[in-house]
Structures are given as C-alpha cells and as structure tokens.
Amino acid sequence: MKKAHTVPVLMYHHVSPHPGMITCTPDNFESQLKWLRSNNYTSLTTSQFAKHLDGGSVPFKSVLITFDDGYLDNWVYAYPLLKKYGFNAVLFIVTSWIGHGVQRDNSSGTKIPITASHSKCMELISSGNTDQIMLRWSEVHAMANDGVFEFHSHTHTHTRWDKSEHSHNKNLHMQQELQQSIECLKKNMGFVSNHLCWPQGYFDEDYINIANSAGFKYLYTTKAFGQNRRGSDPTHIFRFAVRNTSGQSVGRRIKVAANPLVAPVFNGFKNWKKSIRK
C-alpha cells in the first residue's frame, strides 16, 4: 500500500450558518466532507499523525482535520456531519472558556441552539459570557466518547502575552497558561496529551522551549505554506485555513499541499509574496 509523503492539516474554527473568514457554513462543510469521502481520504488521529511525523507510515491519502477554540457550533453542526461521513477530528480547546452543564440538544428540529457569528462570539467572550457560545464539558465528553473528536490544549485563556501590558513577562505568563491548561484538562478529561496549538498562531523559540518543558512535543501553528513530511519537525506543524467554499475547491488545495513536487514551489512563492509585503 502506498504511504503518505506529507499530510495536509486542515484548520477550522466555526461551522455555522453565519459565514465569515473563519466560519464555514454547514452546507459547504458537508460538501468538503463529501469530497474527502468520494476521493477516499482518511482522517488521522493525532496518534497516527504523530507516527507519521516520527517517521512512520500512514495511508497515502491522509489529512488531519483540526478545529480551534471550542465553539458551541462545533457540537451543533460539525460533530453530526463528521459522524455522518465517518471522519474524526481534533479540537484544540481554550480550557477557561469551556463551561459546565447538561448537553444541549443538537438533533434536528427547533431545539437546536442558536449559534453566533465569530464577532459576536468574541464580544461575549470579552464580557465573560462564554456559556451561550462555547462548548460544555458534557458535550466534550460526548464527542470524545463517540470517537469523533479528540481534545487537546489551546492554552487556558488564548492570550497574546507578547502584545499585552505584560509583554516583558510573556514567558512566565505562557508557563502559567500551559500549567493551568494542563491542570484543567486533567481535572475534566482525566489526561492531557503532548499536542498543543498556539493561541492566535504566535510562538517563538522561548515558547517552544517552554512547551517542550511542559511536556508538549507536537506544536501546531497557523503557518500555511509548508509540508508536514514524514520525519519532519514536530514543533513546526503547518496548517492551512479552510475557507467557506466547496469541496472541490478545498480538494484542489489539499492536492497541492500533498504534492511533493508542486507544494515546495507553491509554498516558496507564497512565502516570498508574504516577505515582500512586510
């Protein structure tokens, strides 16, 4: 069986009827899953993806599907569609944003919770009103127990300490962030993995060392233009943002990302264009 040279990692935030830059509509998300299934793609677990990065073999047509933050719409829309099409995904949760309470009804009908736009979510998070737009631990457990989603750290508060008034102590704050996230995951999930996604995509060498010291080996970025090849650096995992578009469109992007000849040229050009804009 042919094995994957590289594994594209897809990055989502919202699946919701409120489309935007980081929000995919349920119809388009379903189209993307249909494309993956009809083209015989396998969605990896983080254990399988780690095996690939560590030099092992995974199926030729493999992707890793990731979500960031932990929004309610992941439970209402993304989870049922992933389950319907037989795919699994990874959710990096901001642990202080996840609440307690009974599961909300995500079955079809009038009882489906109302989900908010991304801007509204940010407004509610800023005011401390997270429960109406973020997941609850009961929903996290339900999705994990069903084998559809697995859950990992996205820090505790999602703060860009390098841009805060405490920037001079950013490393200390990141150490605290990671420890708080670890403790929260252990308390509510019973364990914590060695996979971490950086808040708002920011990291530097100090942060990498801090994360490694805290027990995190696999570090996920928001950098799109690179390849996650077999045996490549686990501290610089590339992900590309999936736009609110059709399965065919996302499929073309996946094929480019996985191609050992086309991808380096494409990524080099994109990185060059970014450099000249600075």
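Phe269 is partly exposed, with a relative accessible area of 44% (buried means under 20% relative accessible area, exposed over 50%, partly exposed in between, with a 1.4 Å probe and protein chains only). The model is predicted: local features need pLDDT of at least 70 and side-chain atom pairs count only at pLDDT 80 or more, while totals for chains, interfaces and linings use all residues. Residues are numbered from 1 along each chain as its sequence is written, and side-chain values use heavy atoms, with hydrogens and water left out.

Phe269 belongs to helix H9 (residues 262-277); helices (H or I, at least four residues) and strands (E, at least two) are DSSP runs, numbered from the N terminus. Together with Trp272 and Ile276, Phe269 makes a nonpolar surface patch of about 350 Å².

Strand E1 (residues 9-12) is buried on both sides, with Val9 and Met11 pointing one way and Leu10 and Tyr12 the other. Strands are taken as paired if DSSP finds at least two bridges between them. E1 runs parallel to strand E5 (residues 62-69), to which four bridges join it, and Thr66 is the bridge partner of Met11 in E5. Two bridges join E1 to strand E10 (residues 240-241), also in parallel; here Met11 stands opposite Ala241.

In helix H5 (residues 137-145), the buried residues include Trp137, Glu139 and Met143. The elements that cover the buried residues of H5 include helix H3 (72-85), strand E6 (89-93), strand E7 (149-153) and helix H6 (170-189), where contact means heavy atoms within 4.5 Å. Just after H5, Gly147 has a positive phi of about 75 degrees.

Nine salt bridges were found in a search of the whole structure, each defined as a side-chain nitrogen of Lys or Arg within 4 Å of a carboxyl oxygen of Asp or Glu. In one of these, between Arg104 and Glu139, the closest N and O atoms are 2.8 Å apart. Arg104 lies in the loop between E6 and helix H4 (118-126) and Glu139 in H5, so this pair ties together parts that are 35 residues apart in sequence. Both Arg104 and Glu139 are buried.

Asp54 and Lys217 form a salt bridge with the closest N and O atoms 3.5 Å apart. Asp54 lies in the loop between helix H2 (46-53) and E5, and Lys217 in the loop between helix H7 (205-213) and strand E9 (218-220), so the parts tied together are 163 residues apart in sequence. Asp54 is partly exposed at 46% relative accessible area, and Lys217 is partly exposed at 36%.

Notes
Patch = residues over 30% accessible without salt bridge, like charges linked within 9 Å, V, L, I, M, F, W, Y side chains within 5 Å. Areas by Shrake-Rupley, 256 points an atom, 1.4 Å probe, with all protein chains shown as cover.
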